[in-house]
Amino acid sequence: MKPTPITKTCQLPDGREITIETGKLARQADGSVVLRMANTMILATVVSNKEGKEGADFLPLSVDYQEKFASMGKIPGGFLRREGRLSDYEILISRLVDRAIRPLFPDDYHAETQVIIQLISGDPNALPDSLAAFAASAALSVSDIPFQGPISEVRVARVDGKFVINPPLEQKEKADLDLIVAASLDNILMVEGEAKEVSEDDMLEALKVAHDAIKVQCQLQIELTQATNKTQKRTYNHETNDAALKEELFKLMYDKAYAVARQQIKSKQQRSDAFAKIVDDYLAQLPEDSTIDPALVKRYYHDIQKKACRDLVLNESVRLDGRKTTEIRPIWTEVDYLPSAHGSSVFTRGETQSLSTVTLGTKLDEQLIDGAMFSGSNKFMLHYNFPSFSTGEIKPNRGPGRREVGHGNLAYRSLKQVMPAEDANPYTIRIVSDILESNGSSSMATVCAGSMALMDAGVPIKAAVSGIAMGMISDKGRYAILSDILGDEDHLGDMDFKVTGTEKGITGCQMDLKVEGLTYDVLKQALLQAKEGRLHILREMSKTITQPRPDLKPHAPRAFSMIIDKEMIGAVIGPGGKVIQDIQNTSGATVVIEEKDKKGHVSVFATNQASMDAALKRIRAIVAVPEVGQVYDGVVKSIMPFGAFVEFMPGKDGLLHISEIKWERLETMEGVMEVGEEVKVKLIEVDKKTGKFRLSRKVLLPKPPKKEEAAQV
């Protein structure tokens, strides 16, 4: 029998509706919903094991978002013609959901949990990336899994000075501020987005608008949970605890851990060794027949060490490496480090280092995008690599994971805002950031190094961009905001807030909160403190390079763009591509032609000026419009009794009448000219009706004197 689903509906501020339905699809999952907005439909399911994962002291949560090609009436590309591994775009949406929901599971819940979100119907007027977390939270809310939600997520964009919630694609592309915000009824949890050099006040206003819309969606989920009678969550016991041991360890180890924290050891490895020695010494003195579980000791010591480090900051305003809360680690930079790269830089801040390169390519190097929602090409790419040696570890080298994709995307979005306009940039540009050392905020080092490498390559970016990672430690009304956080501070803190921008304003941000009750005043303080740090880093970068180089490196490809009439595209390409192939073969240049805006856009790429000039000469000759009175170098194509036909421009023949060859009267063409002979001619007329061309050679020759004048001489 067909089930009767439970349905709830809410509205966005502009009146558009979002509907959530449960009880119809995927009923064997612990929780499942179908969320619909316009023609976009998302199926979200969640399943969680009853027992905790053996040996786990964390939440084994996996979140996968996938777009079905059928949702947009498409068949996937590739040989298999089916959906494969998640694309970077799908991974990024998965991360947005994961970061929003993960903090809301109980700390002692260790059951393997899987959230699967599928786009089953798509609509460009209702983009799914801003709906996926809403659907996931709703699925958790109608399950018996202990989830401390609900939460929701919206996109807030500023279009023509007005904030819009979940704008359609057309409006989104016009926005000067574009944020994805996740929040509960009371607190903002996660922010990620980009902007065109906006102010801190604009950013805060956008967060407030987003949170107001999210509150409505959270209330809807509460009503849905009540309607499904899933307010009671499952009971569980995933941890073994020993309160007496915990108290004993705190008394034995807290003061020692606090003392190590106060030593202000700058080296990450030396500091780690000093902290580890405390618990290692304790375990070493235990008798062989001790019943104390070493894993339990290490878990409790982790909490003790974390509290000691946090207390040091709150009590003494001193950080683990001795810095003040607003102090930035020492920075040194270098450009043009790699002689064969088109642009390169080294950015080092404390124990974090990025070696970044810029490569300039042609139209043929553009990245092809084949997705369910989006297809096309991309001419600006940024790839972030995080090898294990950067943290002194050994790990299998299996290519970029989700973290690398996310960090690279943040840097990409931050630098995208200052890239030259497409009509001013014929190149495909790829930035690669290789992290060689890491102790906090390698994504922000990527932004700084990428900006400098672009300037070193001669790419005319609008302004330099820097980035900084902010942290926060809070306890019972006390809090400290930390600039340029270490890796340890990221782990032990309550906030990870990354902000990028130019001297004028913010270009990108990413925030994850692990604490409730963060006020907008505290957020504003963090943004303003981040601005101070960002400007300091920009000043340090300017000591090495202040603006894009006036020219490209000698070994970088040269590019030239021109626009031709749409009707001339075929003439340049030639039948079967014969003409354009000949131009490339003879000149050594790469020529790319595409039709856009009812015009022909020609891009020429060459490794030297001679090659560029040769290709441009051929193209200009083909697309040039014949001008009456202009002199041309022609070639005789055929000879007739009444004259010769001369090709004076590629593909254009004109009649050189027998009377226009010489000033003297010619009775016959015999012996006057030969096929293939080069001859200089002048265009003297274009027939308006037929479009035929009349040429003259004699007007370019000295006119002989008249007979009377010759006799006098």
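Q: In what order do the strands of the open sheet of 5 strands run?
A: This is a predicted model, so local features need pLDDT of at least 70, side-chain atom pairs count only at pLDDT 80 or more, and totals for chains, interfaces and linings use all residues. Residues are numbered from 1 along each chain as its sequence is written, and side-chain values use heavy atoms, leaving out hydrogens and water. Strands (E, at least two residues) and helices (H or I, at least four) are DSSP runs numbered from the N terminus, and two strands pair if DSSP finds at least two bridges between them. Here the pairing is mixed, and the order is β11-β12-β13-β17-β16.

Q: Which strands stand at the edges of this sheet?
A: Look for a strand with a single partner, because one side of it is then left without a neighbour in the sheet.

Q: Which residue in β12 stands opposite V335?
A: β11 pairs with β12 (residues 343-349) in the antiparallel sense, over 5 bridges. Opposite V335 you'll find S345.

Q: At what angle does helix α9 run to β12?
A: Angles run from 0 to 180 degrees between N-to-C directions, with axes as lines fitted to C-alpha atoms, for helices over the stretch in contact. Helix α9 (residues 442-457) lies across β11, β12, β13 (352-361), β16 and β17. Its angle to β12 is about 145 degrees.

Q: How do the axes of α4 and α11 cross, left-handed or right-handed?
A: The axes of α4 (residues 200-228) and α11 (residues 520-542) come within 10 Å and cross at roughly 145 degrees. A crossing is left-handed if the near helix is turned anticlockwise from the far one by less than a right angle, and right-handed if clockwise. This one is right-handed.

Q: How many residues are charged in the contact of α4 with α11?
A: Contact means heavy atoms within 4.5 Å. Among the residues that meet are E200, D201 and K208 in α4, and K524, K531 and R534 in α11. Asp, Glu, Lys and Arg count as charged. Next to 7 nonpolar and 1 polar, the number charged is 6.

Q: Which residue in β29 is the bridge partner of K682?
A: β28 (residues 678-686) pairs antiparallel with β29 (residues 693-696) over 4 bridges. K682 is also the bridge partner of V631. In β29, its partner is S696.

Q: Which residue in the turn of the β28 and β29 hairpin has a positive phi?
A: The hairpin has 6 residues between its strands. The one with a phi of about 75 degrees is G691.
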